[in-house]
Amino acid sequence: MIRSLFLIYGIAVLSVLSLAEYRGWSLNRVSEVPNVPKSVRDNPGSYRSVYGYYHHYTGGK
Amino acid sequence: MNSGPTPAGAPQVKSLNCPNCGATLTVRSFSHAVTVVCDSCHSILDAQDPKLKILQTFQVATDEDPLRIPLGIRGTIRGAQYDVIGFQRRTIHVDGTPYSWHEYVLFNPFKGFRYLTEYNGHWNDVSVLRALPVCSPGSSTLNYLGETYRIFQTADAETTFVLGEFPWQVRVGESAQFSDYISPPRVISSETTGKEITWSMGEYMTGGDVWKAFKLPGSPPAAIGVYENQPSPLRAEIKSLLQLAGIFLAILVVLLIGFYATAQDEQIFDQSYTFNTNVKSESSFVTDVFELKGRTSDVELTTTAQVENNWIYLNYALINEETGHAYDFGREVSYYHGYDSDGSWSEGSRRDTVVVPSVPAGHYYLRVEPESDYYRGTIYYSITLRRDVPQLSFFGLGLLALLIPAGLITWRFMNFEHLRWAESDYGGESGGSDDDDDDGGGKIAAVAGAAGTVAGFVADVLEDE
């Protein structure tokens, strides 16, 4: 019983791992924005990034 | 005394009267009974004497535990029917605390005697060995029919209560030394009384097995702890589970090699830029269009910035020129270093890497918007893009995902064995004595193999011969 469960579990882990590698999944957080106007190419400043108000670390020891 | 099975059919029952109190006694093993105990006055009587000579009378505590299996009941053990004809309790004392286990005498006129022992809900089906085990002097193991048994416990036990009939001269207060050798689910026990050594073998039974065998009402008491010869529920599976885990890990390595060997891992963009922080103007810009080829895969973006006790933040948007679909993210590159009373220090890095997941093929460009503190001079930085880069992090997670359950299963198995050997005088692997850590449960485990139950019986057989 435990062996069967572990067999299924192991196959699932390896399958998900293979799919992740094949499809290029990532653990990073990236926002997707649809339909960005083509005018951005001529006027880059018109685009407003999701991360534009990021709090920047200005520290150091 | 005749120890062999009677040629009769059904078990015979004989009624007698106690010479002490006159109460009726029922003898089920008939001529095999050597002693019989009166249930009313607790006199131990000589069943071989026509006048039932009184051998001993003992006092019974008022809070005496009730028998789990009533005397006279019949059950089926290993395909044969047995009557429960006797009961005794045996006790050891550890640091002044008494610990007891129970032994039931079973009788079948064709099969003879066998015994059931019980401690803390753990049961053993015990019978006398017909051949001697091979035991080297000073060895912590013995061999019986090709199977190795390891020493588990040694203890002295005293008979503290008896009831029913016995095929030996039973006495309350008599004591014997026991040694148990285990090879779960079996235990071989030796009992030493005087110059006699008797060997018996017990096989672990669950309370449910016993209840089913005797068709007892209700449910058996729950087993407490791990018993000396209790079979591990994982023993049969642990080897195949570890083999399976090994196969999975081998497949993981093959996948790792395969993905690294077949990945494009192609550099598709590499450009250097400058960011003048002294100029307050629109800093965003777009790159030239580049092509991402192949199947949907990841894109790894690396930013390298020449920052000295400074930072640069870059708002990135990887935009598909044809569809307008964008992947929006921001990355900071900062590096600080210096020297203080603790010595030199540094934190951060001039290099940052991010993986954009599952990007379809197409023509893309980057929209970049750098930020930093004003008036910190010019920051030089470069942006590199690589396509279809294998991610080692997934293999690390896969390794963990496979190792954790395999580790848990192994831990459960080892913990079961640890709990078993924690009760042993011999500490499992080393075979060394460790009496200081022993408790009553361990001593009970040592002796409840119940070799002692049959010692007197065998002694009488020898005397007859």
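Strands are DSSP runs of E of at least two residues, numbered from the N terminus; the views below show a predicted model.

View 1. Leaving aside residues up to four places away in sequence, Glu266(B) touches Arg386(B), Arg387(B) and Asp388(B). Asp388(B) is 122 residues from Glu266(B) along the chain, and the C-alpha atoms of the two are separated by 7.0 Å.

**View 2. Contact between chain A and chain B.** Chain A contributes 42 residues and chain B contributes 56 residues to the contact. The side of chain B that touches chain A comprises 31 nonpolar, 15 polar and ten charged residues.

**View 3. Helix H1 of chain A beside helix H2 of chain B.** The axes of H1(A), residues 2-23, and H2(B), residues 235-262, come within 10 Å and cross at roughly 10°. Angles under 35 degrees count as roughly parallel, and H1(A) and H2(B) are therefore roughly parallel to each other. Residues making the contact include Phe6(A), Leu14(A) and Leu17(A) of H1(A), together with Leu244(B), Phe248(B) and Leu255(B) of H2(B). By class, the residues of this helix contact divide into twelve nonpolar, three polar and three charged.

**View 4. Strand pairing between S1 of chain A and S22 of chain B.** Strand S1(A), residues 31-33, and strand S22(B), residues 326-340, run antiparallel and are joined by three bridges. Within this pairing, Val33(A) stands opposite Ala326(B) in S22(B).

Terms used: Residues numbered from 1 in each chain as written. Chains lettered and ligands numbered in written order. Predicted model: local features only at pLDDT ≥ 70, side-chain atom pairs only at ≥ 80, totals over all residues. Contact = placed C-beta atoms within 7 Å. Nonpolar A, V, L, I, M, F, W, Y, C, P; charged D, E, K, R; others polar. Pairing = 2+ DSSP bridges. Helix = DSSP H or I, 4+ residues; strand = E, 2+ residues; numbered from the N terminus. Axes fitted to C-alpha atoms, helices over the stretch in contact; angles between N-to-C directions. Parallel < 35°, antiparallel > 145°, perpendicular 65-115°, else oblique.
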